[in-house]
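The following exercises are to be worked through with the sequence and the model at hand. Each task is followed by a stepwise solution.

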Amino acid sequence: MGKNGKRKTSDTLFCSFMCNDVIKPALLYVLALFIISIPFIIKKSPAKIIEQVLYKKTGIVLNISNFNQIMVNVIWIILVLAGFFCFLKHVNKNNDFHKNGNGYLDCPYWVLNTVAKPLGYVSINTVNVALWLQFKIYRSSSWETKSVNESNYPQSLDDVVISKYKAKKENRVVNLILEDTYPVYDKIPESILCSHDTVKIRRKSNKPGYRSINKDFLSKVSSEVYKIYKENYEQINLFLTTNPYHTKMIVRNSFRTGPREKDLRVVIYQSIGENHEYTEPHIVIM
């Protein structure tokens, strides 16, 4: 299949994700807006409607029509929207946002929260999510990632090799290259490699692209990150080809709850273009 065919398939998958995970749940808010507008369409205040319904159902007489009508209208809008939000949260409490991994997600973190949180999602599937965005999700306490767990990946005992290169000039930036599923070193611009110290951790596998859990790889990454924090660096440039589970554990063990002597700026480089060169920086920790 050609490039246009691949692009059409990707667009179709993304449209499927938008339709099922975003648009369908959002339609309930359209219904909520319709319910909110009913009193204004029939030209009767929400307070009057509530009084009449309550009287018919229970015989209780309220006089909320005498209250400030602006306040009553605001309370009416908040109650309806809150009711629909609680319903969506109940419906989606066991659902993952982006649950089928359809389409590639690469959007600002605040956009993800703005779209997904009002729809009641608390968990997200991070397959086919940009690595820098995965980093933000795993580091946050507001997102669960129930689908990214150890049982979804086979165990591997591949050897793990650590290589270190010193830059000619001393500086406060270090490149941390984590080669898990694919080699990445040759895709990094030489200007970046030559300008900074580099630590490369590579899982030696005979199956490029094979996703598995390697505990030795995770252990060595944690150990090297800890050493970096002990050094006189101010910034880490991260280059990753890790599977979602490895990314999750690396973030949570080393960049979220791990022991640190100081705060470092962390920048993840995303691959772009047909040659997949790692030239697009994303600041994930200031």
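A residue counts as buried under 20% relative accessible area, as exposed over 50%, and as partly exposed in between (1.4 Å probe, protein chains only). The model is predicted: local features need pLDDT of at least 70, side-chain atom pairs count only at pLDDT 80 or more, and totals for chains, interfaces and linings use all residues. Numbering starts from 1 along each chain as its sequence is written, and side-chain values use heavy atoms, with hydrogens and water left out.

**Exercise 1.** Classify His98 as buried or exposed, and describe its backbone.

Step 1. Locate the residue: His98 belongs to the loop joining strand S1 (96-97) to helix H4 (109-116). Helices (H or I, at least four residues) and strands (E, at least two) are DSSP runs, numbered from the N terminus.

Step 2. Read the backbone angle: phi of His98 is near 65°, a positive value in a residue other than glycine.

Step 3. Apply the cut-off: the relative accessible area of His98 is 1%, so the residue is buried.

**Exercise 2.** Carry out the analysis for His276.

Step 1. His276 sits in the loop between strand S7 (265-272) and strand S8 (277-285).

Step 2. Its phi is positive, about 55°, although His276 is not a glycine.

Step 3. His276 has 48% relative accessibility and therefore counts as partly exposed.

**Exercise 3.** Describe the protein chain as a whole.

Step 1. The secondary structure comprises eight helices and eight strands.

Step 2. Of the 286 residues, 41% count as buried.
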